[in-house]
Amino acid sequence: MHGDLYGVILTVALIGTCAGVSLLFKGEVRRKIVHIGVSNFAFVYLYVFESDTCPLIWLCIFVLINYVVARKEGSTRYGTVLFPFSIIILIISKMLGLGSARDVAVATLAMGWGDGFAALAGIRFGKTKMPMCRKKTVTGSAVVFFSVILCTVFVGGKSLLSALAAAIAAVIAEAYTPYGLDNVTVPVAVFLCCALI
């Protein structure tokens, strides 16, 4: 089943399902469940959508909706805005000739799975902080590292060298990007490593 219409239907269903499942949890765990689940949009983009224009339009809509919701709730955290915005950047880069659809998918999953599972692992097991970083743990960064390698090799079909470069770049970007902008820097860093190495 392929096509832009199917892609839209599956994307909406994915978001609705993730939102519904997240209601079973609370706090940071709830946010990360959505973060991890929604990043599986990467597979819809890679295997279902037939054009780049349609997913771009929907991503722009999600950016606006998420921004309005965040403002209405008085939130100062704009991760739900920055994540789809970063995917927009990746798709436009691919349309301009840099990277491939697989690189976009890998970068999206690297952010969703890597950051999401890292946060959950950090909450449960993280005690030792990363050097010069009070918010990120060694455990969480290790999860990011191995998640990105798995995404890069098995989804992107990249070499081990490319996977290692992407994983190292993701760990550094995730741990040391200020102002909560890692939702942009991590996928962009992974995308560039996949596209250029």
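Y67 sits in helix α4 (residues 53–72); helices here are DSSP runs of H or I with at least four residues, numbered from the N terminus. This is a predicted model, where local features need pLDDT of at least 70, side-chain atom pairs count only at pLDDT 80 or more, and totals for chains, interfaces and linings use all residues. Residues are numbered from 1 along each chain as its sequence is written, and side-chain values use heavy atoms, with hydrogens and water left out.

With a relative accessible area of 39%, Y67 is partly exposed (buried is under 20%, exposed over 50%, partly exposed in between, using a 1.4 Å probe and protein chains only). Setting aside neighbours within four places in sequence, Y67 touches Y78 and V81, a contact being heavy atoms within 4.5 Å.

On to charges: the whole structure has 5 salt bridges, meaning a side-chain nitrogen of Lys or Arg within 4 Å of a carboxyl oxygen of Asp or Glu. Among them are these:

| Pair | N to O distance |
|---|---|
| E28 and R31 | 3.0 Å |
| D115 and K32 | 2.8 Å |
| K158 and D103 | 3.2 Å |

E28 and R31 share helix α2 (residues 27–38), about one turn apart. Both are partly exposed, E28 at 28% and R31 at 36%.

D115 and K32 are both buried.

For K158 and D103, the salt bridge is 3.2 Å, N to O. This pair ties together distant parts of the chain, 55 residues apart: K158 is in the loop between α7 (138–155) and α8 (160–176), D103 in helix α6. K158 is partly exposed at 25%, whereas D103 is buried at 2%.

Conventions. Helix = DSSP H or I, 4+ residues; strand = E, 2+ residues; numbered from the N terminus.
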